[in-house]
Amino acid sequence: MSPLIRQFNGQAIVVLTLAFSIASSTPASTNLDWEHLDKTCHSQKCDAPLNIHFLEGIAKNMNPTIDPCKDFHQYACGYWKNHHREATVPLYSEKLMLDKFHQIFTEQKDREELKNDKVFEKLQHYYDVCVEAMEKDDILQLQEYVQAMKALDRLHLTSATNWPKTLRELNEYSKLDIFVYGNVERLNVHVSQLSIYPHNTEKAANLTQEIYDVLSHHNYTQETLKELQQSFLSLEADLANMVNNCINMAKHDEKCGYSTEMPWKELLQNNSSLHWKSLFAAHALEPQSIVAVTKLNSIHQIFHYLDSQKQQTLFLYSLTRFLNQVHGLAHNLRSDKDSPASQVCLHQMLRICPLFMNYVYEQVYYDNQKRSLSDVVIEKLFEQIKHQLAVKLDQNPWLLPEDSVGYFRAKLQMRQLNIGNVPQNVSLSFYEQLVADLKVAPDQNFYHNHLEALRHFQSLQTNLSSMPSIANSFELLGPNLSAIDYNSPFCSQNLIIIPFNYLQAPFYDHELWPSLLYGDFANTLGHELAHDYDVDYLRFDYEGNYNDQQSAKIAENMQFQQNIKCLEKQPTNFLAERIADIGGLRLVLNAFAKNSQYLRENGKVFFLQYAQFFCGGADEKLFAQQDPTHDVDSVRLNYTLSQFREFAEVFECPMGSPMNPSEKCTWW
């Protein structure tokens, strides 16, 4: 061992030993034996200073005055808020990504690999125009959006205006779920399908004074604000009656049922309205393309009703709903004006140009050389965890019949990784062809460029549905998803998506020591893999199809039900996530802990690193706003670890203490 490595190892030992010693009130020499920490790596080399940096980050977040057997979250994460302003760790990871992108578009924009790159050039144009507009405090003037659309030859209210034309123009930029709308939905690993729905009655137009002033400014209406608001209320009431009446008639009319599937040709022949082609012209539908139509009778009524209404009112209603949507976008610049202009603009670019932003990030921070070193480590971890699950299936602790075990094995065999959430097996020309249609420019204003980016995203989403081999190899996330959706790994059909956000400190580096690598990143892989067998994903087979017969058979299994009952004793609204936490950690611990001695020597760092993902500083109310799909971090972390005897043994927690209850729940 070189003097340099000994020096850095000593620094980590001093920092962490001090923390543990204070917490345990015992001499450091008797509490921990840091010299036995496993310092090998899965990669070709180990970077000792890098690992020391991770360890120092753990120590900085810890509150060593807390008893880890009473509240491990406070012990491991008690001082996290002292060093971070972000409410959750995914938001912190996004902040790190924004910092890196800021370097790309400012300090590193002359890098050799970015010269003459057409994708980077378009993004640089968007960034420069956006930052300039932000610095002028010239952001989100709704009137300017309408003006920009009129300059694009849209939104001209004339005697020839009709509701399908208006809706088609607005849907170029942001899909509206009004009147009649469609979504391309992935049915399974291989097949996507257009699903058509009647008006969404759960949403309503919000005709504010600001929007009314925009409508008046462009001479779209002479009605008063109250008169127009009343017209919108009457319109929405009529639409709701048509949709809800169909629900009441569903028992007597199959066309009022939830969904009817038919070839596109048949829909056009049997339902003669010309509106079908007009509304869904952007979709490359062949005569035999299968479409799913929900509440077909309601849609017919809506067609006839809208045709009989004053088209000016329908135009104004549609435009109001569009402006509501623009104002409510998660990347709305006006909602984050306290942050630096560059950060706000980059946040927006990540939402509306995710494919191209990932491409640029990959060129700079995860190039072929880095990928060749890193991916092999990730794949090795993944195979180890899959092997542990295969062992569990062989042991069959639930005593499932052989066909159900085979059902699980097929799911396991099909599960794959996408590292970085980038399309697989595509060349540079793929990106260049796509970006050629993105008409952003340095001499256009922000509103034109923003609308153009929104239009390009909608077009890309539609076009990818005709390229299933590419579309099914990654996930094109929508512009209005939450931060947790963008910044955390997730399952999608047969894929586990690992975004670039997660391929950085404090979560991952391919040169980490085992306790750090398995503690966080491997557990993430285990968590996502375990989702295949939770109460929600159980119903999907290895190709992503519903299999009600197998899922019902497994759900009726006695051991399955007993495990569910145990996990629900401490209430949660997110049972599937609890299953993935418990099931994933069990698989990873089995892969990590070679024997009891190894666990004693490496377990504390393993569990402390595991805790880092849960070190957000949000209370329950704020956390629910940021992440509506999980229990609050403290509850989630403490509950999960309290179910593992290995945790209690490593931290010597007395039986009956909060982190070592006498009754523990398992999943496998």
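This is a predicted model: local features need pLDDT of at least 70, side-chain atom pairs count only at pLDDT 80 or more; totals for chains, interfaces and linings use all residues.
1. Leu399 is worth a look in your viewer. Its phi is positive, about 55 degrees, although Leu399 is not a glycine. Leu399 has a relative accessibility of 71% and therefore counts as exposed, since the cut-off for that class is over 50%.

2. One more backbone item concerns a proline. The peptide bond between Ala505 and Pro506 is cis, with omega about 10 degrees. Pro506 is located in the loop that runs between β7 (495-498) and α23 (514-530).

3. Now to the helix pairs. Two packed helices are described by the angle between their axes and the distance between the axes. For helix α6 (residues 118-135) and helix α15 (residues 341-352), the axes come within 9 Å and cross at roughly 135 degrees. The two helices are therefore oblique to each other, because only angles over 145 degrees count as roughly antiparallel. The crossing of α6 past α15 is right-handed.

4. Which residues make that contact? From α6 come Leu123, Tyr126, Tyr127, Cys130, Val131, Met134 and Glu135, while α15 supplies Ala341, Ser342, Val344, Cys345, Leu346, Gln348, Met349 and Ile352. Sorted by class, the contact of α6 with α15 holds 12 nonpolar, 2 polar and 1 charged residues. As a reminder for reading such a list, an α-helix has 3.6 residues a turn, so residues three or four places apart point the same way.

5. The second pair is helix α27 (residues 596-611) with helix α29 (residues 633-642), whose axes come within 11 Å and cross at roughly 150 degrees. That angle makes α27 roughly antiparallel to α29. This crossing, too, is right-handed. On the α27 side the contact involves Phe607, Tyr610 and Ala611, which meet Leu637, Thr640 and Leu641 of α29. By class, the residues in this contact are 5 nonpolar, 1 polar and no charged.

6. Helix α3 (residues 48-61) can be checked for its span. Its 14 residues reach 20 Å from the first C-alpha to the last, close to the 20 Å expected at 1.5 Å a residue. Which of its residues are buried? They are Ala48, Leu50, Asn51, Ile52, Phe54, Leu55, Ile58, Ala59 and Asn61.

7. Finally, have a look at Phe382, which lies in helix α17 (residues 368-395). Is Phe382 buried or exposed? With a relative accessible area of 2%, Phe382 is buried, because the limit for that class is under 20%. Leaving out neighbours within four places in sequence, Phe382 is in contact with Arg415, Gln416, Leu417, Ile496, Leu525 and Leu529. One of these, Leu417, is 35 residues away along the chain, and the C-alpha atoms of Phe382 and Leu417 are separated by 8.4 Å.

Notes
Residues are numbered from 1 along each chain as its sequence is written. Side-chain values use heavy atoms; hydrogens and water are left out. Axes are lines fitted to C-alpha atoms, for helices over the stretch in contact, and angles run from 0 to 180 degrees between N-to-C directions. Helices (H or I, at least four residues) and strands (E, at least two) are DSSP runs, numbered from the N terminus. Angles under 35 degrees count as roughly parallel, over 145 as roughly antiparallel, 65 to 115 as roughly perpendicular and the rest as oblique. A crossing is left-handed if the near helix is turned anticlockwise from the far one by less than a right angle, and right-handed if clockwise. Contact means heavy atoms within 4.5 Å. Ala, Val, Leu, Ile, Met, Phe, Trp, Tyr, Cys and Pro count as nonpolar, Asp, Glu, Lys and Arg as charged, and the others, Gly among them, as polar. The expected span of a helix is 1.5 Å times one less than its number of residues. Buried means under 20% relative accessible area, exposed over 50%, partly exposed in between (1.4 Å probe, protein chains only).
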